[in-house]
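The sequence and structure come first.

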Amino acid sequence: MDGPSAMEKMPVPSSKVGRIIGRKGIKIRELQDQSGAKIDITDEVNGDETMVRISGSEDQVADAQSLISQLLTDREGYGNRERGPPQQRQFGGEPTLSFPIPEHKCGLVIGSRGSKIREIQDETGANVDVGRRDTAVNGQITISLSGDKDACDAAEQIIRNLVA
């Protein structure tokens, strides 16, 4: 290790932890290889944030924090994919449209390892956020869509057909 040993905890939106881990843990290994730091997703949850523990030299920890921050602000979150029209993927921060679906149907929207949600996002250009199960109210999970109105309308129609 170069420099003194350091350990930082970084709060990450719980809905974005999957981006850090990546399919079969590939992304977290890539982040560790790039930064030289060890990155652990902890069980510590504070509200809607999960703590990520980063350890290594001070430089490695800073590099890892920077890479994670960059990954979380990357609108697509999975690198430069060729699928879908990237020019349409202009996501705003505030949901353009929100609606409830039955909690037991959220797996249909997410798909295996997030495949269905990515397909919907790629096809429509809308960002799709499925609420966490621990935020369910009366057995309903909130789906939040953001992007331009046409993209959100198209994504809503696809999701409503899936859960019908």
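## Fold and surface

Strands are DSSP runs of type E with at least two residues, and they are numbered from the N terminus. Helices are runs of type H or I with at least four residues.

The model is predicted. The protein has six helices and six strands, arranged along the sequence as β-α-α-β-β-α-β-α-α-β-β-α. Of its 164 residues, 38% are counted as buried. Among contacts with a separation of 6 or more, 68% are made by residues 24 or more positions apart.

## Two loop residues with positive phi

Asn138 sits in the loop that runs between strand E5 (127-130) and strand E6 (140-146). The phi angle of Asn138 is near 55°, a positive value in a residue other than glycine. Asn138 has a relative accessibility of 77%, and because the cut-off for exposed is over 50%, Asn138 counts as exposed.

Lys24 belongs to the loop between helix H1 (17-21) and helix H2 (26-35). For Lys24, too, phi is near 55°, positive although the residue is not glycine. The relative accessible area of Lys24 is 60%, so Lys24 is exposed.

## Lys38 in strand E2

Strand E2 covers residues 38-46 and includes Lys38. Is Lys38 buried, exposed or partly exposed? With a relative accessible area of 45%, Lys38 is partly exposed, because that class lies between the limits of under 20% for buried and over 50% for exposed.

Leaving aside residues up to four places away in sequence, Lys38 touches Gln32, Arg53, Ile54 and Ser55. The C-alpha atom of Lys38 is separated by 6.3 Å from that of Gly56, and these two residues are 18 residues apart along the chain. The side chains of Lys38 and Asp40 make a polar contact at 3.2 Å.

## Packing of H5 and H6

Two packed helices are described by the distance between their axes and the angle between them. For helix H5 (residues 115-124) and helix H6 (residues 149-163), the axes come within 9 Å and cross at roughly 145°. The crossing of H5 and H6 is right-handed.

Which residues of H5 and H6 meet? From H5 they are Lys116, Ile120, Glu123 and Thr124, and from H6 they are Ala151, Ala154, Ala155, Ile158, Ile159 and Leu162. The residues in this contact of H5 with H6 comprise seven nonpolar, one polar and two charged.

Technical notes. Residues are numbered from 1 along each chain as its sequence is written. This is a predicted model: local features need pLDDT of at least 70, side-chain atom pairs count only at pLDDT 80 or more; totals for chains, interfaces and linings use all residues. Side-chain values use heavy atoms; hydrogens and water are left out. Buried means under 20% relative accessible area, exposed over 50%, partly exposed in between (1.4 Å probe, protein chains only). Contact means heavy atoms within 4.5 Å. A polar contact is a pair of N or O atoms within 3.5 Å; within protein, one must be able to donate a hydrogen and the other to accept it, and residues adjacent in sequence count only if both atoms are side-chain atoms. Axes are lines fitted to C-alpha atoms, for helices over the stretch in contact, and angles run from 0 to 180 degrees between N-to-C directions. A crossing is left-handed if the near helix is turned anticlockwise from the far one by less than a right angle, and right-handed if clockwise. Ala, Val, Leu, Ile, Met, Phe, Trp, Tyr, Cys and Pro count as nonpolar, Asp, Glu, Lys and Arg as charged, and the others, Gly among them, as polar.
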